[in-house]
Amino acid sequence: QTTQNSSQTATPSPSETETNVAETVSPATQSPEETTTPVAEEDTTEENPLGELLSQLTLAPERPEGYDRDLFRHWVDNDGDGCNTRREVLILEAVQRPQVSGDCDLIGGQWYSVYDGVTTNDPSDFDIDHLIALKEAWDSGAHSWSASQRRAFANDLGNPEALIAVTASSNRSKSDRDPADWLPPNQSHHCQYIKDWMKIKIFWNLSVDEREFQALRRVASGC
């Protein structure tokens, strides 16, 4: 999925300037009809270090009806420090930390996109990717969540894998596709990518469909 680029001095969008209340939200529990027995019990951690994650995935068909990006309120400032989630990720992931001043203006700094190996000194060149795209999350369980759960997912700073600063071009190439249809151009990142993908799916109790699971298992077999 695509996130909105913003320059260092960009004015926050209305969704960024609304009053934000910090909240702790537990991952949603899927409804019984959406969950099945974990799908990869035959994979063991001895044979494959990713086998334990594969064994915890839940197989279920996707339910794509009704998705609207606005249902996931994102780029909020939960801690009230003046930096919204986008800026927080940029600060956390900088390979050279920027100075932070004013309205969370980022001065200096350097960033590296693991998706395609690109380095930049301009944070406006990068998008913040939801590793599990908002549409993908909706299709695999978030349709049953409350608004507060969707907001928590869309601004998840508690799981370092959930949000990642990458080039706008790689983020838009990925769009809302899962690993059955898209993997990072940087092949050396594939194993880490699917590991992070599975960790976030498991943490948020999001299911995987059959094609997605087979793609994850295929990549994992080469790691």
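This report describes the fold, core, aromatic pairs, disulfides and backbone exceptions of a predicted model.

**Overall fold**

The protein chain contains 8 helices and 6 strands. Read from the N terminus, these elements follow the order α-α-α-β-β-β-β-β-α-α-β-α-α-α. Of the 223 residues in the protein chain, 49% are buried. Among contacts with a separation of 6 or more, 71% are between residues 24 or more positions apart. The protein chain has an accessible surface of about 10400 Å², and carbon and sulfur atoms account for 48% of that surface.

**Nonpolar core**

The largest nonpolar core has 45 residues, and the members that touch the most others are Phe153, Ile194, Met198 and Leu216. At least two residues of this core come from each of α2, α3, β5 (126–130), α4 (134–139), α5 (147–154), β6 (163–167), α7 and α8 (210–220). The most is given by α7, which supplies 5 residues. Leaving aside residues up to four places away in sequence, leucine 216 touches Leu54, Leu57, Pro179, Ile194, Trp197, Met198 and Val208.

**Aromatic pairs**

There are 12 aromatic pairs in the structure. One of them brings together tyrosine 67 and phenylalanine 72, with ring centres 6.2 Å apart; the planes stand at 45 degrees, so the pair is tilted. Tyrosine 67 is partly exposed because its relative accessibility is 25%, whereas phenylalanine 72, at 1%, is buried. Tryptophan 182 and tyrosine 193 form an edge-to-face pair, with 5.9 Å from centre to centre and 65 degrees between the planes. This second pair links distant parts of the chain, as tryptophan 182 sits in the loop between α6 (168–174) and α7 (190–203) and tyrosine 193 in helix α7, 11 residues apart. Tryptophan 182 and tyrosine 193 are both buried. Ring pairs also join Tyr67, Phe72, Trp138, Trp145, Phe153, Phe203 and Trp204 into a cluster. Phe153 in this cluster is also named among the core residues that touch the most other members.

**Disulfides**

The model has 2 disulfides. With the bonded cysteines numbered in sequence order, they pair as 1-2, 3-4.

| Disulfide | S to S distance | Torsion about the S-S bond | Handedness |
|---|---|---|---|
| Cysteine 83 – cysteine 104 | 2.0 Å | 100 degrees | right-handed |
| Cysteine 191 – cysteine 223 | 2.0 Å | about -100 degrees | left-handed |

Cysteine 83 is in the loop between α2 and α3 and cysteine 104 in the loop between β1 and β2, so their bond ties together parts 21 residues apart in sequence. Both cysteine 83 and cysteine 104 are buried. Cysteine 191 is partly exposed, at 31% relative accessibility, and cysteine 223 is partly exposed at 36%.

**Backbone exceptions**

Most residues other than glycine have a negative phi. Tryptophan 75 is not a glycine, yet its phi is positive, at about 60 degrees. Tryptophan 75 lies in the loop between α2 (51–56) and α3 (85–93). The relative accessible area of tryptophan 75 is 4%, so the residue counts as buried. Cysteine 104 also has a positive phi, near 60 degrees. Its place is in the loop between β1 (99–101) and β2 (105–107). Cysteine 104 has a relative accessible area of 2% and is therefore buried.

Terms used
Residues are numbered from 1 along each chain as its sequence is written. This is a predicted model: local features need pLDDT of at least 70, side-chain atom pairs count only at pLDDT 80 or more; totals for chains, interfaces and linings use all residues. Side-chain values use heavy atoms; hydrogens and water are left out. Helices (H or I, at least four residues) and strands (E, at least two) are DSSP runs, numbered from the N terminus. Buried means under 20% relative accessible area, exposed over 50%, partly exposed in between (1.4 Å probe, protein chains only). Rings of Phe, Tyr and Trp (its six-membered ring) pair if their centres lie within 6.5 Å; planes under 30 degrees apart count as stacked, over 60 as edge-to-face and the rest as tilted. A nonpolar core is a set of buried Ala, Val, Leu, Ile, Met, Phe, Trp, Tyr and Cys residues joined through side-chain atoms within 4.5 Å. Contact means heavy atoms within 4.5 Å. Accessible areas come from the Shrake-Rupley method with a 1.4 Å probe; for residues, only the protein chains shown count as cover. A disulfide is a pair of cysteine sulfur atoms within 2.5 Å.
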